[in-house]
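Subject: Handover of a structure, with findings

Dear colleague,

Please find below the structure that I am passing on to you. My notes on what was found in it follow directly after.

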Amino acid sequence: MIDRADRGKLMFLGSIAVSLVLVGSYLAAGGSDYAPAKTQDPCEPREWRDPQGLQEIAQQFSLSALDGAACELGVTRETLARALASDEARRQFAEKYDIGDAELATAIRAGLLRAVGDAEEAGALSPLLGVPLRSALRSIPLDEAIELINDAEGLLDNVQSFLGPAEGLLEQFLP
Amino acid sequence: MSDAARPRTTALALAVGLVLADSSIVVLALPEIYRELDTSVTAVTWVLVSFNLVIALAAVPAAHLARRFGPGRCAAFGLAIFAGASLACGLSSELSTLIAARCVQALGGAAAVTAVLELLPATVGGERRATAIWAAAGATGAALGPALGGVLTELISWQSIFLLQVPVAIVAAAPILAVARHEAATGIISTELRRTGRPHLLANLALALVSAAIAAALFLLVLLLIEGWRLSPITAAIVVSVMPLAALAGRRLGGSVPSSRTRAAAGAVLVAGGLGGLALLPKAAIALTIPPQILVGLGLALVLSALTETALHGRAPQAIHGGWTIASRHAGVVIGLLALTPIFTHDIAQQRTDAIDAGTAVVLDSTVSPLLKIQLAQRIDERLGEEKDKVPTIGPVFEPLPDDDDDREAVIDLREDLQDQLDRGATHAFSPSFGLGALMALLALIPIGLARGREVEL
């Protein structure tokens, strides 16, 4: 038979034990790590995933360009991607971060140039294509630059046009 | 207790439960009030804070009035004010009028609750039994409040929470009117006019800390379920009803331990453990909230009753010291809400941004076609604009699903990944506040421990 004082001790120690078991089991199940995934710093280099074909290269190119532009602007790649999705989103972004069109254009151009460099480094773009691409991108207007980020496949097609009418020329410079 | 005394005891307990339920009954209705009255999270919190603040400030003065003018008259008058103010709350169409009516409701409630403590000993035949019934009615009311409020909000409206309190207050007031009439006719005030002793500082301090922690548990859990995990009020009400059920079980548990200090300490540890569990939820799953809620429910039943008994034991007049316990409990709730609201509103804004960024990263790195990515990014952005300051419902962004089989599969995966990031963000946003609540409950162990040698052996 447990006396009254012991019942009190048992209750107190039991409450500590039960609390520790609960907290310990939730911790062990990953309770302290259950948070949104951290996004990568856009200024850090992002490794290209062995792209195959024009569409995949274009996708990686867009992501690199976003990283580069976001790094210039000091925002995340994801914030910039949402901002470039529509004119209204871009207006709100510009207002929130106090970024003018000229600054945005400069950042996106820098991003596109970084994407060319990343593509060359990944072996996805021949340096022969890189030279004219850089030249074309340095003076590209803002709206076209945004369009190119959203549709890099179009950019690569544009380069093809830029290089001349020779059919299949682009493919020769792609791995 | 005689058969004749039973209805009056029930009515008195009902009055206490009704008033103290009001400190938490609107918790589940807050998101609805927030949306309907188009206000901010911080502003809507005042629907809860104002009531608790006024009752904390008015409890002791109300107890003095009860002793001066008679507890019967004071309780009846208090319940009448409470009923009238409840009606005004239910008819409010603006936040300012709702908050003003809540303040008046708290004034009436403070008068009724403290006066009832003076009436109960004569009805139940003993101070100790009266204290136990009064404390249990208050704890049960406070614990049941959120679930009742949630069900009413879902089934009828948030206004119905207040409108339905009017007839309940009238029913509770009916037997008290007989006492009030007797007092008026005879001029006899049924309380003994004993000298007022000093309030039990340590027990009241511990009550304030534990109440702050319990407010955190109730308020934050409800917000997590409705605003974070997007549950309906009725589902959230069912989920949080675990806490009052555990509290009812906790009353039986406490009966086997005579030392009030031990019961209070065990209760505070359980509340802290439960809040610690809520701070460390490993997944956004309702089932995982059940064990922490059981701990908080058991803990609140043990600690609130034990500390109230300690604060009232051997002290007279009961109404004044009961007033101090009410003041301490509600001051604790106010401190808890005011301390935690800015923390979690800041955290939820930050976590919302992080979750949206993480979700956008999932979209950008996915294998869906670039055109679809742009469309999704546009729709996510529109959704964020529509649901400003809230954790957005992301499902509609992905509707309609693409016709292409590969894209459809990829989009379904994306939807799940994005929802997972939002769930993570919403859950994580509440962690620091739950953790702070746990700390408050642990801090209550200091005054409980210092009260050594003054405990009540029942």
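How many residues does helix α1 of chain B have, and how far does the helix reach from its first C-alpha to its last? Helix α1 of chain B, residues 5-21, has 17 residues and reaches 24 Å between those two atoms, close to the 24 Å expected at 1.5 Å a residue. Please bear in mind throughout that this is a predicted model. The helix is mostly covered, with 12 of its 17 residues buried. Among the buried residues of α1(B) are B:Arg8 and B:Thr9, and the list also includes B:Leu12, B:Val16, B:Gly17 and B:Leu20.

Helix α13 of chain B covers residues 290-312, and its 23 residues should span 33 Å at 1.5 Å a residue; the end C-alpha atoms are 33 Å apart, which agrees. Of the 23 residues in α13(B), 21 are buried, so the helix is mostly covered. Just after α13(B), B:Gly314 takes a positive phi of about 70°.

Chain A

Chain A has 9 helices and 0 strands. From the N terminus on, its elements therefore run α-α-α-α-α-α-α-α-α. Buried residues make up 39% of the 175 residues in this chain. Among the contacts in chain A between residues at least 6 apart in sequence, 67% join residues at least 24 apart.

Contact between the chains

How many residues of chain A are in contact with chain B? There are 37 of them, and they meet 39 residues of chain B. On the chain A side, α1 (4-28), α2 (53-73) and α3 (77-83) each supply at least two residues. The helix that gives the most to this side is α1(A), with 13 residues. By kind, the residues of the side of chain A that touches chain B divide into 18 nonpolar, 13 polar and 6 charged.

Packing in chain B

Helix α3 (residues 41-69) and helix α5 (residues 95-124) of chain B have axes that come within 7 Å and cross at roughly 35°. The crossing of α3(B) past α5(B) is right-handed. The residues of this contact comprise 21 nonpolar, 4 polar and 2 charged.

B:Asn52 is found in helix α3 of chain B. Is B:Asn52 buried or exposed? B:Asn52 is buried, because 26 other C-beta atoms lie within 10 Å, and the cut-off for a buried residue is 20 or more. B:Asn52 and B:Val334 are 282 residues apart in sequence, yet 6.1 Å apart in space from C-alpha to C-alpha. Leaving aside neighbours within four places in sequence, B:Asn52 is in contact with B:Ser23, B:His330, B:Val333 and B:Val334.

The largest nonpolar core has 219 residues. Those with the most contacts inside it are B:Val116, B:Val210, B:Ala213, B:Val271 and B:Leu275. Helix α9 of chain B, residues 201-228, gives the most to this core, with 23 residues. Beyond its neighbours within four places in sequence, B:Ala213 is in contact with B:Val271, B:Leu275, B:Gly336, B:Gly437, B:Ala438, B:Met440 and B:Ala441.

B:Ala426 lies in helix α16 of chain B, residues 405-443. This residue counts as buried because it has 24 C-beta neighbours inside 10 Å. B:Ala426 and B:Gln350 are 76 residues apart in sequence and 9.8 Å apart in space, C-alpha to C-alpha.

Positive phi values

Most residues other than glycine have a negative phi. Which value does phi take in A:Asp98? The phi of A:Asp98 is positive, about 55°, although this residue is not a glycine. A:Asp98 lies in the loop between α4 (87-97) and α5 (101-121) of chain A. With 7 C-beta neighbours inside 10 Å, A:Asp98 counts as exposed.

B:Arg230 also has a positive phi, near 60°, and is a residue other than glycine. The place of B:Arg230 is in the loop between α9 and α10 (233-240) of chain B. B:Arg230 counts as partly exposed, because it has 19 C-beta neighbours inside 10 Å.

With kind regards

Key: Residues are numbered from 1 along each chain as its sequence is written. Chains are lettered from A and ligands numbered from 1 in the order in which they are written. This is a predicted model: local features need pLDDT of at least 70, side-chain atom pairs count only at pLDDT 80 or more; totals for chains, interfaces and linings use all residues. Axes are lines fitted to C-alpha atoms, for helices over the stretch in contact, and angles run from 0 to 180 degrees between N-to-C directions. Helices (H or I, at least four residues) and strands (E, at least two) are DSSP runs, numbered from the N terminus. A crossing is left-handed if the near helix is turned anticlockwise from the far one by less than a right angle, and right-handed if clockwise. Ala, Val, Leu, Ile, Met, Phe, Trp, Tyr, Cys and Pro count as nonpolar, Asp, Glu, Lys and Arg as charged, and the others, Gly among them, as polar. Two residues are in contact if their C-beta atoms, placed from the backbone, lie within 7 Å. A nonpolar core is a set of buried Ala, Val, Leu, Ile, Met, Phe, Trp, Tyr and Cys residues joined through C-beta atoms within 7 Å. The expected span of a helix is 1.5 Å times one less than its number of residues.
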